[in-house]
Amino acid sequence: MRRARAWTRRDVIKSGLAALAAAGSRRAGGAGALWRLPRPPAGTVVLFQGDSITDCGRNRAAGDPNVAGALGTGYPLLVASTELAAHAESGLKFYNRGVSGNKVPDLEQRWAADTLALKPDVLSVLIGVNDFWHRQKGYTGTVADYETGFAALLQATRQALPSVRLVVIEPFVLRCGAVDASWFPEFDERRAAAARVARQANATFVAMQARFTELASRTSPEYWAADGVHPTPAGHALIAERWRRAVELP
């Protein structure tokens, strides 16, 4: 009587693969299809809104989520990249709809199409620099206009999307480049207004100004925002880090 051959690791693997293929064939109605992995869950939709700091050169012709060009080259891309790598099976979807030059009234005009239509689960907004900066170019909006308009926008969002999680990133500047003494104290008043809006809307508030100011004192303001407004790669990395710590996506 021949002695039975001991099974090797390769035999076990081959047998398992054959069983998986057979099961896949049966599920596909005998069409010989290979084993199919289950689809990932729908996942959380995260939307970034704002001005040029959020826009950061994104490809506006690309509308799909999780596309590098569509996310721009700034903090939205850094947040999305890190979260997608950390939660590969979560089905997370990241969109960027920031538009360079925008103020609160500009967001209002495109909110239905660029925000509500995407039905975000998490909506992050960074707005306020242009609401002051453009006053030097003829815009007449006051701090009260900024606060009232911003609050109304988030209130309307909450009404349309009751379960949305709101995130407000504090507007910030550094004293270099385009930013001089003429920006203050009004810009600080607008930062305080953004914080009030966040509290009123029960939004997560991502504080940025104090941390940027602290780090700039150790290096230079230009290291974090070369013109005082638009972050460098280091500046965007700081925003992304603080956003992720504050929001803690599932």
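Let me start with a term: two strands pair if DSSP finds at least two bridges between them. Strands themselves (E, at least two residues) and helices (H or I, at least four) are DSSP runs, numbered from the N terminus. With that in hand, here is one example: G50 has L126 as its bridge partner in β3.

Before we go on, a word on what we are looking at. This is a predicted model, where local features need pLDDT of at least 70 and side-chain atom pairs count only at pLDDT 80 or more, while totals for chains, interfaces and linings use all residues. Residues are numbered from 1 along each chain as its sequence is written, and side-chain values use heavy atoms, with hydrogens and water left out.

First, the overview. The protein chain has 11 helices and five strands. Of its 250 residues, 46% are buried; buried means under 20% relative accessible area, exposed over 50%, and partly exposed in between, with a 1.4 Å probe and protein chains only. Contacts are next, meaning heavy atoms within 4.5 Å. Among contacts with a separation of 6 or more, 74% come from residues 24 or more positions apart.

Is β3 buried or exposed? Five of its five residues are buried. Both of its faces are covered, with V122, S124 and L126 on one side and L123 and V125 on the other.

On to the aromatic rings. Rings of Phe, Tyr and Trp (its six-membered ring) pair if their centres lie within 6.5 Å; planes under 30 degrees apart count as stacked, over 60 as edge-to-face and the rest as tilted. The whole structure holds 10 aromatic pairs. One of them is F48 with F94, a stacked pair at 6.4 Å centre to centre and 10° between the planes. This pair links distant parts of the chain, as F48 is in strand β1 and F94 in strand β2, 46 residues apart. Both F48 and F94 are buried. Then there are W133 and W183: their ring centres are 5.7 Å apart and their planes at 50°, so the pair is tilted. Here W133 sits in helix α6 (residues 129–133) and W183 in the loop between β4 and α8, 50 residues apart. W133 counts as buried at 15% relative accessibility, and W183 at 0%. Ring pairs also join F48, Y75, F94 and W243 into a cluster.

In α9 (residues 209–218), which residues are buried? They are Q209, F212, L215 and A216. Seen down the axis of α9, these fall within an arc of 135°, so they line one face of the helix; the arc is that of the directions from the helix axis to the C-beta atoms. As a reminder, an α-helix has 3.6 residues a turn, so residues three or four places apart point the same way. The face turned away from the buried side carries the exposed residues A210, S217 and R218. The cover over the buried residues of α9 includes α8, α10 (221–224) and α11 (233–247).

That brings me to R191, in helix α8 (residues 186–200). R191 is buried, because its relative accessible area is 19%. Its side chain makes a polar contact of 3.2 Å with that of D188. A polar contact is a pair of N or O atoms within 3.5 Å; within protein, one must be able to donate a hydrogen and the other to accept it, and residues adjacent in sequence count only if both atoms are side-chain atoms. Leaving aside neighbours within four places in sequence, R191 is in contact with E170, P171 and Q209.
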